[in-house]
Amino acid sequence: MPVLVLTLALPLSFTSCKKVLDVQPENILQDETVFSDESAVNIYLATLYYDLPIEDFTYIVQNGFDKSGTCFLEQLDGEAILNIADDKNSIGDGTWVSWWNYTVVRNVNHFMDQIEKSSFSEQQKNEWMGEAKYIRAHYYFGMVKRYGGIPIVKEVQNYTGDNLEELQIPRNTEKEVYDFIASDLDEAISLLPETSIKEKVNKYTAYALKSRAMLFAGSIARYGNVNLNGVVGIPAADADHYFQLSYDAAKAIIDSHKYSLYNKEADKELNFTNLFLDPDNPELIFVKSYHFPEKGHSWDYRNLPFGQRSPEGSGGRINPTLELVETYDYKDGSQGKLKLTDGSGNPIKYANPLDLFRDKDPRLGASIIVPFADWRGTAVDVRAGIIDGANTVTSGSFDDEYKGMKVIGSSGIGGSNEVSQTGFYVRKYMNPSYDPATIDTWTSSTQYIEFRLGEILLNYAEAAFELGENPDAAWALNQLRSRAGVASLSDGDITAGKVRNERTVEMAFERQHYWDIRRWRIADGLMNNTQFTALMPYYDMQANAYIFKIAKVGYARTFLPQLYYERIDPAEIAKDSKLIQNPNY
Amino acid sequence: MKIVSIYSLLFVFFLSACSKIDNYSGPNAAIKGSVIDNLTNKPIQTEAPNGFFIRIEENHSNATPRNFSGKADGTFQNTAVFAGSYKVLPINGAFFTPDTAIVNVSGVTTVDFTVTPFLRVDATATTVSGGVVLKYKISRSAASGKIMERKAVAFQSDKVSSTVFNAQVTTNLSAIPDEDILDTEFTDTITGLESGKTYYVRVAAKTNNSNNKYNYSEIIQITVP
C-alpha cells in the first residue's frame, strides 16, 4: 500500500514544486561563481578555444571536428585520393563539410556578456574580451566560408515562452558577415597583447585571421556570382576593398618582425620537413598542440607507408596525386613535369629511381614520400611490377615474389584491399621519431599549425597580385622560394597561376587548398568527370633499372557548381522559417 | 507482487491515455508539367538532377518552400503532394525565371511554364570511324550573361551531360564577342569512341549565369562505325 500512497502524492508534489526548482543545483557551477574566479574563467575560455573550427588532423570529411576516420579534405580537391580502392564515388553533396554551429556562438556571446558585467580589472577584462572577439570572428569565418551569408547573432538570445518570432533571424548577406568578421577582428587587434604562448591568440593572430578571411571575401567578389540578393556572393566592385584589407593585415605582421621563416637546417629538404615538427619555431603564429596520452591524434597511424606501418594496421590513407607532384617546379624554376619518356616517346631507364625527382623543389621531398625515398632509414619500395623481357609481372599481394624480388615491393601498387593508388605517400607532419610499433589511433603528439608566417606571405602575395602590385607579390613569393631552395621570380613572372602554384606547393596538406579552389571558383573546371593520375614504377630486370608509366586511378570526380556553398540542413530551416536555402539544393 | 501489479495497472492506464493513432491520410495528390521554350514550344533540353528545380510552397504567408528536381527532358513530376493551394515556380535553370503560378492541386494536376532559355543549341551529328562530328549553331532570343563556353559530349547512355560523358571537346568562348559566336556554325569532332557501340551525343553551351547552368541541344543517338 505505501506505493499507492506515493503515487497519489506525486501529482500533489508537482503543484508545490515551483519553489524547489528555483533552488540552484549544487553540482553545477553558476555564472556568478565562474565569472568571479580567474581560473574558472580560463577554463570556460579553454572550451571556447577548443571549439574553434580548425581543420586539423582530426577534421574528417562527413564526420566533422575531433573525429576519427580516413577521408581528409585533400581527397576532395585533387591533392590526393584515398587508398582503399578510393571507395567514395562522389566528392560531396553539399553536406560533407557542413558546420552550422550557433551553440558555440551562444557560448562566446554569453562569455562577453558575463565578462562585461564582472568585477575584474579593466586590463584583464580587455584581454579576455579581445580573445572572445577573435574567437567569435573565427567561428563566423568557419560558417561563412561554408554557407555564404548567415544570420549574425551578437547577443545571447533568451526564450521567454512567447518570443519565438523575434528569435528567428533571417540570413545576413555574405558581405555583411565578412564585414562583421573584420570589425570583430579590428576590436581584437586593439585589445589583445603583442605576444602570447603559441596556443593562445595575440594581436598578430587576429591580423593573421583577418588576412585569410579578407582574401576569401576578395576572391568571392572577384570570381563568384551574386545570388539570392547578396545572401551568397559579394558585388564585384568590392573586390579591391577586401584585397586591400587582406594586404594591410598581412603587412602588419610582416612589418612587426615578430616572426621569421624557419631556417635552422642547411639541407633545404630537411629544413622544410622540420618546420612542421619542431615546436621551437619562430615561424609559428598559432598552433593547436597535442600531447599523448591526454590528447593525441592519428596522423601517423593513418599515413605511414605500408611497408612500415603500425602493427595495428591502417597506413597510407592519403595518396598524393601525380598532378600535385608535378605542381612542384624544378629548383631552377622550370615547370615541374616529370621526365618519363625521351624525345621519341620511349620510357627513360633510371638506374636510380630517385633520379626521376632530382633537382625538384626540395619542398616536394619534404611534403611527399616519393617512390624509393627514405623513411626512418629504409627506402620506401613502391613498385607496380617487374618487367622480365617480354613479360610484365604484377601482383595483388605485397607478399608475392618473382625471382627473389618482391613484385610490388612492400609499399607498392596493387596489393590486397589496402592498395597504394598513386605510388606516393604523405611526409608533411609525419614524425619519423615515433617507433611504428608504438603507433595506434590517437597516439601522435605533433602540433597542428593553424597560422604560420609562410601563409601570411602567400596571403600578402596573392592580395598584392590582385591589386596589381606585382613587385610586392614577387618579393613575398621569393622569401618562400629562397627559403625552399628554388630560383626566384622576377616581377614580370607574376601571374595568377604562379601565385596559386606557390600557395599549392608551400601549403599542400595544410587544409587550405580545398577552400582555395572553392574561393577561386575553379573547382568545377578542375574536377569535371576527372580522374587523377598515378605514377607506376616498373623494375626492368634486363636493364637493372626503373621505368615509369602513368595510369588514371580512382573514380571520376565532378565538382557541381552548387558545392561552392553548403546545403543548409532542412532541420534548421524548419526551426527558423526565415532562413532561405542556398541555390540548387 | 502487489507492487508490481499496481504499477502494471498504472502503466496500462497511462498507455491508453496516450495512444492516439495517426489516421490522417498521406499525401495523395500529384503535380506534374513541363518547362517549355517560348520559341520552339517544346520542353527545354537540360540535365538531371541538376538542370532545374521546382519550388513548391503552400499558398500562405508562413509556409516553408520545398524544392524538387526536374528531369532532363524539361518535365517534372511530384506524386507525393497534399491536395491544396500552392505557389509553384521553376528555379535555378538556364532560363529567365518566369512568374510564380498559383495552383490548386487535387488529384493529378498539370501545370506548364513557358520560359525564355538563355541559349538554344541546334546540332546535327555525322559519325566517322571511332568518333562523331557535331555541327551546331548557338542562338538566343534575349541576352543575359556573356557566352562563356561550348562543349560537345558523348556518353553510352542518354544521361549524357556536361559532367557525365565518356569523351568531350570543350572550347572557352569568354574572349570571343557574343555577336561572332551567334554568327558562327561550329564543328567539333569527338574522337576515342569505341566502334560498334551506341552513344548519345549532344552539345552544351553556357552563359555567365549565377547558377553555372548549361543549355543543351537535343540528344542524338548514334552508332559509331
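Here are some notes for anyone opening this structure for the first time.

1. Confidence first. This is a predicted model, and it scores ipTM 0.71 and pTM 0.88. For chain A the mean pLDDT is 93, with 95% of its residues at 70 or more. Chain B has a mean pLDDT of 90, and 92% of its residues reach 70 or more.

2. Where the chains meet. The contact draws on 18 residues from chain A and 15 residues from chain B. On the side of chain B that touches chain A, helix α1 (residues 2-18) of chain B gives the most, with three residues. Sorted by class, that side of chain B has nine polar and six nonpolar residues, and no charged ones.

3. A mixed sheet in chain A. Look for an open sheet of four strands, ordered β8-β7-β13-β14 (chain A), in which the pairing is mixed. Its edge strands are β8 (391-393) and β14 (545-558) of chain A, and each of them pairs on one side only. From one strand to the next, the twist averages 30°. Inside the sheet, strand β7 (residues 385-388) and strand β13 (residues 528-540) of chain A run parallel and are joined by three bridges. If you want one pair to click on, A:I387 in the sheet has A:D540 in β13(A) as its bridge partner.

4. An antiparallel sheet in chain B. Here three strands form an open sheet in the order β9-β10-β13 (chain B), with antiparallel pairing. β9 (120-128) and β13 (185-191) of chain B each have a single partner strand, so one side of each is left without a neighbour in the sheet. On average, neighbouring strands of this sheet are turned by 20° against each other, direction ignored. β9(B) pairs with strand β10 (residues 131-139) of chain B over nine bridges, in the antiparallel sense. As an example, B:A125 stands opposite B:L134 in β10(B). As background, strands of a sheet pair through backbone hydrogen bonds, either parallel or antiparallel.

5. Helix α8 of chain A. The buried residues of α8(A) are A:E174, A:K175, A:V177, A:Y178, A:I181, A:D184, A:L185, A:A188, A:I189 and A:L191. Some of that spacing is what you would look for in a helix, because an α-helix has 3.6 residues a turn, so residues three or four places apart point the same way. The cover over the buried residues of α8(A) includes α6 (122-147) and α9 (203-223) of chain A.6. A:E502. You will find A:E502 in helix α17 (residues 496-506) of chain A. Buried or exposed, where does A:E502 fall? A:E502 counts as buried, because it has 25 C-beta neighbours inside 10 Å. Leaving aside neighbours within four places in sequence, A:E502 is in contact with A:L458, A:L477 and A:L480. For a sense of scale, A:E502 and A:E187 are 315 residues apart in sequence and 32 Å apart in space, C-alpha to C-alpha.

6. A:Y429. This residue sits in the loop between β11 (425-426) and β12 (448-452) of chain A. A:Y429 is buried, with 22 other C-beta atoms within 10 Å. Not counting residues up to four places away in sequence, A:Y429 touches A:F276, A:W299 and A:T446.

7. B:N209. Over in chain B, B:N209 is found in the loop between β14 (198-207) and β15 (214-216). B:N209 is buried, since 22 other C-beta atoms lie within 10 Å. With residues up to four places away in sequence left out, B:N209 touches B:A94, B:F118, B:S144 and B:G145. B:N209 and B:G93 are 116 residues apart in sequence, but 9.5 Å apart in space, C-alpha to C-alpha.

Key:
Residues numbered from 1 in each chain as written. Chains lettered and ligands numbered in written order. Predicted model: local features only at pLDDT ≥ 70, side-chain atom pairs only at ≥ 80, totals over all residues. Pairing = 2+ DSSP bridges. Helix = DSSP H or I, 4+ residues; strand = E, 2+ residues; numbered from the N terminus. Axes fitted to C-alpha atoms, helices over the stretch in contact; angles between N-to-C directions. Contact = placed C-beta atoms within 7 Å. Nonpolar A, V, L, I, M, F, W, Y, C, P; charged D, E, K, R; others polar. Buried ≥ 20, exposed ≤ 12 C-beta atoms within 10 Å, placed from the backbone. pLDDT = per-residue confidence, 0-100.
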